[in-house]
Amino acid sequence: MKLHEYQGKEILRQFGVNVQEGRVAKTPDEVRQIARDYGQSVVVKAQVHVGGRGKAGGVKFSADPDKAFENGEKILGMDIKGLTVNKVLVTRAVDIDAGVEYYIGMIVDRNVQSFTLMASAEGGVDIEEVAAETPEKIVHYRVDPITGLRPYEAREVAIQAGFKGNLNKIADMMVKLSQAALERDAVLVEINPLFVDASGTPIALDTKFEIDDNAMYRHKDLADWREMEAEHPLEIEASKYGFAYVKLDDGNVGVLGNGAGIVMTSLDVVNRAGAKPANFLDIGGGAKAEIVYNAVKLVSKDKDVKAIFINIFGGITRADEVAKGVIQALQDGILTKPVRMRIAGTAEEEAKALLAEVNSPLIQMFPNMFDAAAEAAKEANK
Amino acid sequence: MGILVNKDSKVIVQGMTGREGASHSRAMKEFGTQVVAGVTPGKGGLDFEGWPIYNSVAEAKEATGANVSIIFVPPAGAADAVLEAAHAAIPLIILITEGVPTVDMMKAVQEVKALDAQSREHGGEGVRLIGGNCPGLVTNGEAKVGIMPNKIYTQPGRIGLISRSGTLTYEAAKLLNDAGMGTSTTVGIGGDPVIGTTFADVLPMFEADDGTDAIVVIGEIGGADEEAAAEYIKGHMKKPVVAFISGRSAPAGKRMGHAGAIIMGNVGTPESKLAAFKDASVPVADTMPEIIDLVKAALHQ
């Protein structure tokens, strides 16, 4: 689950990180009031789950309360990469020229089977750009997941990264970042920029925080933070059914299958067949007819979808259950788009018999995934 | 022959009395696996369909001499179940459970590796974890410690199979089976970001196995395990290896069902994996059926 900047900052604050003060506003009037309360220049920042909000005009320096109001009006309601901005964070502005900007981050790193702490003196910019152009400027350090990052390790990394300022305070912030990552089950947490002011004191100016969905059960206090409006409506509906579903751009073939690997390969096969997958949908193992019915219903709702490709390799999933779900959707009038499917494995013959009985041109079964995908692509591209 | 498990493996099932644990215990027994007992804390002393249930792994091991444990415990307790088995010195632990928090897996994997090193230092067998979020292991004609459908393993053969994905493991095993080649051992390593055993850990075992002539590696986008495998193959493998990469058309930044299957920045792209395999002279199949052609070609060289 991705957190907004203000939410990530709230968590970091709970762990004792020195975070730049700010408040959330939903109207331009609230923005002005916050600026007045602070009695200084502020930055108005869109709270939306996309990268590059600065470049899109979602972050604006405001010298006085009226300017803040004006910027609030501009940013609230703005559309950034398809998402509407409903909230802004208003923070005290800092004089960037009076200090330096660094980067620190913790990321799940499968290559070291733990978190890797990354630190760079090249802060304030997209770290992926630094990684691509000058990778030597990023220090990587494996954090022991059982002990967490210890202060001496943090100091060592800070020195290696060439950080200037109060070494102990900066190292302390890194230790707290590590604690936040481990205790709050982060997938990724970044402080960027980590601003070190003229006195050498570090302040977190911006943060990215993403939490492991598998661990949400032990962070019930954060459940309210899941922002439905920030995800695709079909993705929200899919999560209600417990499906692993991803909406894909510019697609015309709905894809569903049993298992992440087979669905991923199904996307590849649809592409090879000359069409574009409109979604990723894994119905999981052992799906009953009702689950298949819901999956077909969900994919059918997608206006981009012109045909549906179903790819099932039945081990614990029974092919006849899949067929029953699809047939039910047809009989209820939910299924109106052509379904081309490949169902192999358990109860394959029973599935064929059920489909033969219905005998609808909308539903056709094929012995292998390539033929089914090719037919789905043909229908979708008509 | 084959690796990791065979007809002599004595298997306990942690979480045997749950729905998944029960049905897969039956299927493993049908396959011919020596399933010797179950572990469900609080249900010790129970007779479950002829299997004795113990309260702890240590008790079950003591009573049965088990040397493999397969875990079906729900996510919140799964890492703890792994640690229990590892501290009971079970040499091979297979974690099937999907959805275990990554931080739990980091801690468990690190501890299992420490126990493994300790055990080996004292002349022991070591401790190995496979998974989580994996379909388990099959040594064809001998034993299944996993959840693969039994009927795709009718034809024992000499091809080793390693895969990050469950369903694609079945798909590949069936293709090899139907092509008359068959598999020696199938190892599903799991689709999570932090797993106990990687491709590069399994490859040397196949290289040393007299029952395996060639190896098929089923990878996917995300991470750098395939690159690490390619590096190992280049330096150490004499047997031919054929690869397949799933998710080649997936967009960056989107997690494709598996927690590990995501392209982040330049890490985990299909291009990087293809280049690594090319550099290691490993042919990569564009489609799954092509795997068969490539294996045939590799064996005839």
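This report looks at one helix pair and several salt bridges in a predicted model.

## Two packed helices in chain B

Let us start with a pair of helices. Two packed helices are described by the angle between their axes and the distance between the axes. In chain B, helix α6 (residues 199-208) packs against helix α7 (residues 225-236) at an angle of about 30°, and their axes are 8 Å apart. Angles under 35 degrees count as roughly parallel, so α6(B) is roughly parallel to α7(B). The crossing of α6(B) past α7(B) is right-handed.

Which residues make this contact? On the α6(B) side they are F199(B), A200(B), L203(B), P204(B) and E207(B). Facing them from α7(B) are D225(B), E226(B), A228(B), A229(B), Y232(B), I233(B) and H236(B).

## A salt bridge between the chains

Over all chains, the structure holds 40 salt bridges. One of them pairs the side chains of D104(B) and R218(A), at 2.8 Å from N to O. D104(B) sits in helix α4 (residues 102-121) of chain B, while R218(A) belongs to the loop between β13 (207-211) and α7 (233-241) of chain A, so this pair joins two chains.

Are the two partners buried or exposed? D104(B) has a relative accessible area of 14% and is buried. R218(A), with a relative accessible area of 34%, is partly exposed.

## Salt bridges within a chain

E49(B) is in the loop between β3 (47-48) and β4 (51-54) of chain B and R26(B) is in helix α1 (residues 19-31) of chain B, so the bridge ties together parts that are 23 residues apart in sequence. E49(B) is partly exposed at 42% relative accessibility, and R26(B) is partly exposed too, with a relative accessible area of 37%.

In chain A, E379(A) and K382(A) form a salt bridge whose closest N and O atoms are 3.3 Å apart. Here E379(A) is buried, with a relative accessible area of 18%, whereas K382(A) is exposed, with a relative accessible area of 73%.

Technical notes:
Residues are numbered from 1 along each chain as its sequence is written. Chains are lettered from A and ligands numbered from 1 in the order in which they are written. This is a predicted model: local features need pLDDT of at least 70, side-chain atom pairs count only at pLDDT 80 or more; totals for chains, interfaces and linings use all residues. Side-chain values use heavy atoms; hydrogens and water are left out. Axes are lines fitted to C-alpha atoms, for helices over the stretch in contact, and angles run from 0 to 180 degrees between N-to-C directions. Helices (H or I, at least four residues) and strands (E, at least two) are DSSP runs, numbered from the N terminus. Angles under 35 degrees count as roughly parallel, over 145 as roughly antiparallel, 65 to 115 as roughly perpendicular and the rest as oblique. A crossing is left-handed if the near helix is turned anticlockwise from the far one by less than a right angle, and right-handed if clockwise. Contact means heavy atoms within 4.5 Å. A salt bridge is a side-chain nitrogen of Lys or Arg within 4 Å of a carboxyl oxygen of Asp or Glu. Buried means under 20% relative accessible area, exposed over 50%, partly exposed in between (1.4 Å probe, protein chains only).
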